[in-house]
Amino acid sequence: MILVQDQLMEQSKLHIEMEDRGYQFGDGIYEVIRIYDGQFFGMDEHLVRLQRSANEIQMQLPFSLEVLKERLMELAVANSIKDGQVYLQITRGVAERTHHFPDHASGILVAYTKEAPRPLNKMKEGISVITTEDIRWLRCDIKSLNLLGNVLSKQKAKEAGCDEAILIRDGIVTEGSSSNVFIIKNGELFTHPANNYILNGITRNVLLELAKQSAINVKEKTFTRDDLMNADEVIITSTTMEVSPVVTIDGKQVGDGQPGPVTKKLQEKFNQRIQQNQSVEN
Ligand code: PMP
């Protein structure tokens, strides 16, 4: 089953118009929300960010967030999702192709679920990344369907045999192509401030909170590629990658090439948070 507007239906019934603005312009927004053991993780935070993205592109949501939340829960149940995710997107709707907003079009929402196991091996062993220039636009805070800059960067990482591309704008590390980036130096945790140069990740905020609870000094301050290359530990976070240690960057080892102690502690806390989520929602 999939969700189209506020109705659950068979996927085979989905019809996409040629002149859907999402299809022609990438004129829309999206979210990916994790499901652990049948329970959504951070649903409210994702919906708040969805509303913010809609506001920033002056788009009306087709119906309320309360209804959306209910329907997403029904969808996950209908598809018996245990460990997985829901992808949802809202486009500005169908109208004759002109760049400016159409006078009469209403947003179109589509959502689907899939099973997706936790990235436990990567979290344990760590991942390899490349660095590359951040070629994206200047509103990376909006979770827009326009992802070409991210797509091209991730492809570069794949061609280098790596899992992620860390993006550098004017010498500053912004974020990953689909993740946020943290470094640990002398016990302090640094990450790019949540402004227009990055997406304010839901997992990023969970990690910052867990770090504060663990009495780790948190600095939402920019850092350079040199700082990244000389960090004691490097972490990337996302809904899909969770809290993954980075063990090589552009072929160079981070620290001793193994996930470090601060990373492991934060991962442990993150796992506890997932467990709590289950007991709270049940
Ligand atoms: N930055 C970018 C560019 C992303 O695509 C993602 C994944 N949605 C993130 C950061 C991480 O965000 P979240 O933790 O909300 O998944």
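The following paragraphs describe the overall build of a predicted model of a single chain. Local features require pLDDT of at least 70 and side-chain atom pairs count only at pLDDT 80 or more, while totals for chains, interfaces and linings use all residues. Residues are numbered from 1 along each chain as its sequence is written, and side-chain values use heavy atoms, with hydrogens and water left out.

The chain contains eight helices and 15 strands, both being DSSP runs numbered from the N terminus (helices H or I, at least four residues; strands E, at least two). It is divided into domain 1 (2-117) and domain 2 (121-278), with bounds from an automatic or database domain assignment. The C-alpha centres of domain 1 and domain 2 lie 26 Å apart. Across the boundary, 26 residues of domain 1 are in contact with 20 residues of domain 2, where contact means heavy atoms within 4.5 Å.

Taken along the principal axes, the C-alpha atoms of the chain fill a box of roughly 55 × 45 × 30 Å. The radius of gyration of the chain is 19 Å, which agrees with the value near 19 Å for a compact globule because the chain has 282 residues; this radius is taken over C-alpha atoms, and the globule rule is 2.2 Å times the number of residues to the power 0.38. Among contacts between residues at least 6 apart in sequence, 72% join residues at least 24 apart.

Of the 282 residues, 51% are buried, that is, under 20% relative accessible area (1.4 Å probe, protein chains only).

How values were computed
Buried means under 20% relative accessible area, exposed over 50%, partly exposed in between (1.4 Å probe, protein chains only).
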